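Open the model in your viewer and keep the sequence panel beside it. The stops below say what to select and what is there.

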Amino acid sequence: MTARAFVVVMDSLGIGGAPDAGAYFNGTLPDTGANTLAHIAADCAAGRADTGRSGPLRVPHLDALGLGAACRLASGRAAPGLWAVPRGLWGAATEVSRGKDTPSGHWELAGVPVPWAWHYFPDTRPAFPDVIVQAVCRAAGVEGILGNCHASGTEILSELGARHVESGWPICYTSADSVFQIAAHEAHFGLRRLIALCEAVAPELHAMKVARVIARPFVGDARAGFTRTANRRDFAIAPPAPVLTNWVQEAGRRVYALGKIGDIFSMQGIDALCKGPDTALMGHLGDLVDGAEDGSLTFANFVEFDSLYGHRRDVAGYARALEWFDAGIGAILPRLRRGDLMILTADHGNDPTWTGTDHTRERVPVLCAGMGAGELGLRGFADVAASVAAHLGVPSQGPGRAFL
């Protein structure tokens with residue numbers, strides 16, 4: 001048994017072309033025409049993304065696997081500068097779940113489309129029903145909350161961080177995603193207390209079909225400013241059926257998770273977890289390529305494309321992150337063993353040239369290293385799980401069709 005599999009999610013690297021994009025919105029603007037990759041590449045080529053970098057988007061290793069070709073297939077639109085003849089198996093995938101969020105995309109990539117509609121909070125003040133506010137107050141032992149609205153995670157710290165430190169009340173906010181986020185100061189409120197608070201209120205929010213309760217710890221003060229830390233913790237609804245990680249683990253194989261994967265799947269089917277910033281995760285991924293045992297699955301999420309640059313509509317930052325990632329993955333690809341499969345994909349789009357701050361409904365690339373070259377065509381998200389299962393020789397329990 002020599003086959004190993006690595007699924008690497010470039011969080012939010014959409015390539016346009018979702019056939020139902022018109023049913024998804026950023027504010028009042030539908031996502032029709034959103035294309036994360038093509039629009040970043042176009043801005044780079046036009047000299048509009050030169051902060052911290054310059055010139056056309058340079059991602060030669062991803063392009064050689066078929067990234068540019070996948071973009072043209074998905075949307076009919078070229079990403080300027082990405083014209084390589086693919087040396088990997090490449091295609092594009094379309095999501096069927098009714099969401100453009102992290103759990104929807106990852107669950108479906110892992111073989112389980114979301115069978116329900118998520119609950120979203122209204123963009124009003126207050127945003128949350130009294131029963132949720134009361135549940136937070138009881139669990140935190142406080143008389144009230146701050147925020148209670150839609151907000152940017154960084155902006156709400158600037159607005160309410162000092163009041164939080166003074167009052168001890170947690171900052172509660174949401175976004176266009178199905179999330180309930182609680183921000184609190186690591187020293188003044190306490191990191192353990194924040195994690196315990198989120199864990200306590202998560203069941204009530206999950207019962208409403210809110211996808212995630214997210215602990216957002218921060219540090220700093222009013223004079224120097226407040227900064228979020230890497231100690232974020234997500235409490236996600238458990239998938240409604242066994243996912244790829246379960247299939248592999250149930251077959252007696254080892255499953256490694258990097259980044260947000262443990263939170264997204266509520267640690268189902270996961271043997272070992274590494275978290276940290278993307279720079280650290282690239283090192284962990286390289287270590288696993290070098291040393292993970294035969295028959296294992298490594299499932300990784302690189303989130304900073306999305307969290308640091310997509311939501312903040314920072315085109316140059318997103319381009320820098322892509323170029324950094326390309327260099328890192330380029331150093332790892334030659335270390336794959338014979339029989340290994342690495343699939344690079346995404347979970348949704350987050351076009352930094354688009355209006356608003358929400359994700360964008362897009363197709364995603366499916367790039368396969370280690371399996372030769374060829375076009376996969378248009379596939380479904382769930383086909384990724386089916387293909388990994390086929391490669392590892394474990395039973396697939398989902399609706400996907402293997403493309404290997």
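## Stop 1: helix 5

Select helix 5 (residues 130–140), where Ile-132, Val-133, Ala-135, Val-136, Cys-137 and Ala-140 are buried. Buried means under 20% relative accessible area, exposed means over 50%, and partly exposed lies in between, with a 1.4 Å probe and protein chains only. Helices (H or I, at least four residues) and strands (E, at least two) are DSSP runs, numbered from the N terminus. This is a predicted model: local features need pLDDT of at least 70, side-chain atom pairs count only at pLDDT 80 or more, and totals for chains, interfaces and linings use all residues. Residues are numbered from 1 along each chain as its sequence is written, and side-chain values use heavy atoms, with hydrogens and water left out.

Contact here means heavy atoms within 4.5 Å.

Look at both ends of the helix. Gly-141 follows helix 5 and has a positive phi, near 70°.

## Stop 2: strand 14

Select residues 341–345, which form strand 14; five of its five residues are buried. Which residues point one way, and which the other? Leu-341, Ile-343 and Thr-345 point one way, Met-342 and Leu-344 the other way, and all are buried. In a regular strand the side chains alternate between the two faces of the sheet.

Next, show the partners of strand 14. Two strands pair if DSSP finds at least two bridges between them. Strand 1 (residues 5–10) runs parallel to strand 14 and is joined to it by five bridges. In this pairing, Phe-6 is the residue opposite Met-342. Strand 15 (residues 364–369) pairs with strand 14 in the antiparallel sense, over three bridges. There, Leu-367 stands opposite Leu-344.

## Stop 3: two loop residues with positive phi

Select Lys-209, in the loop between helix 7 and strand 8 (212–221). Its phi is near 70°, a positive value in a residue other than glycine. Is the side of the chain at Lys-209 buried or partly exposed? Lys-209 is partly exposed, with a relative accessible area of 29%.

Move on to Ser-266, in the loop between helix 9 (261–264) and strand 12 (272–274). Ser-266 is not a glycine either, yet has a positive phi of about 50°. Ser-266 counts as partly exposed, at 32% relative accessibility.

## Stop 4: the whole chain

Zoom out and colour by secondary structure: the chain holds 13 helices and 16 strands. Its radius of gyration is 21 Å, close to the 22 Å that the globule rule gives for 404 residues, so the chain is as compact as a globular protein of that length. The radius is taken over C-alpha atoms, and the rule is 2.2 Å times the number of residues to the power 0.38. Along the principal axes, the C-alpha atoms fill a box of roughly 60 × 50 × 35 Å.

Of the 404 residues, 59% count as buried. Among contacts in the chain with a separation of 6 or more, 69% come from residues 24 or more positions apart.
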